[in-house]
Amino acid sequence: HLSRLSEELILWMSPRFGFIDIADRFCTGSSIMPQKKNPDVPELVRGKSGRVIGHLTSLIMLMKSQPLAYNKDNQEDKEPLFDTVDTLIDTLRIYADMMRGITVKPEAMRAAVLQGFATATDLADYLVKKGLPFRDSHEAVAQAVRHAEQAGCGLEDLPLTVLQGFSALIENDVYQVLTPEGSLNARNHLGGTAPEQVKFQVARWRELLAADA
């Protein structure tokens, strides 16, 4: 999980994404490119996964073909086990500090969300709720997306009269589901993406952490 999170942080910090910025104390400059800021901690943590997985493989191989009971082979389990524990504890400690030093760039995130017709599925769901079978709503939305592509705009930018040309069931309330906020709010169920659900999960984790402390 730490390796996957590291990969996401590295991608999100790259100029191609620009979603976050990691505090300077967790990064270094490039040896040749003065403008570059390398996310050292996430890269090192991503690399540590190979070390830990290697220890797991070592322990699995150690136990292979042993008869049931203690065997002298098992003295070889100490080095990979202790190194794994040390590596994990050190990584969690520095990650807890680093996550506090991350600056989120919501404007860049929103701009990315608006690309690629991310709310097309929401439009299909909207039509299904209006009574249209999904196979038909799927086709109607596909036509709307093709039209928007040709027009060089998003679904949310199409006039109501144009959208109604793809389905007479579309009404003015459609624009409520063609926004990132509308898409998130449409999934207001346990584990969903609605802000209410996210806040609930955050509060729940805080309760669990406080109980463990």
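This is a predicted model: local features need pLDDT of at least 70, side-chain atom pairs count only at pLDDT 80 or more; totals for chains, interfaces and linings use all residues.
Side chains of opposite charge can pair when their charged atoms come close. In the present model, 13 salt bridges were found. One of the pairs is formed by R25 and D97, whose closest N and O atoms are 3.7 Å apart. Because R25 lies in the loop between β1 (20-22) and β2 (28-29) while D97 belongs to helix α3, this pair ties together parts that are 72 residues apart in sequence. R25 counts as exposed, with a relative accessibility of 58%, whereas D97 is partly exposed at 33%.

A further salt bridge joins E181 to R110, with 2.6 Å between the closest N and O atoms. E181 is located in helix α8 (residues 180-185) and R110 in helix α4 (residues 106-113), so parts 71 residues apart in sequence are tied together by the pair. Both residues are partly exposed, E181 at 40% relative accessibility and R110 at 37%.

D125 and R187 also form a salt bridge, their closest N and O atoms being 3.8 Å apart. This pair links distant parts of the chain, 62 residues apart: D125 is in helix α5 (residues 120-129), and R187 is in the loop between α8 and α9 (195-212). The relative accessibility is 30% for D125, which counts as partly exposed; R187, at 24%, is likewise partly exposed.

Methods
Residues are numbered from 1 along each chain as its sequence is written. Side-chain values use heavy atoms; hydrogens and water are left out. A salt bridge is a side-chain nitrogen of Lys or Arg within 4 Å of a carboxyl oxygen of Asp or Glu. Helices (H or I, at least four residues) and strands (E, at least two) are DSSP runs, numbered from the N terminus. Buried means under 20% relative accessible area, exposed over 50%, partly exposed in between (1.4 Å probe, protein chains only).
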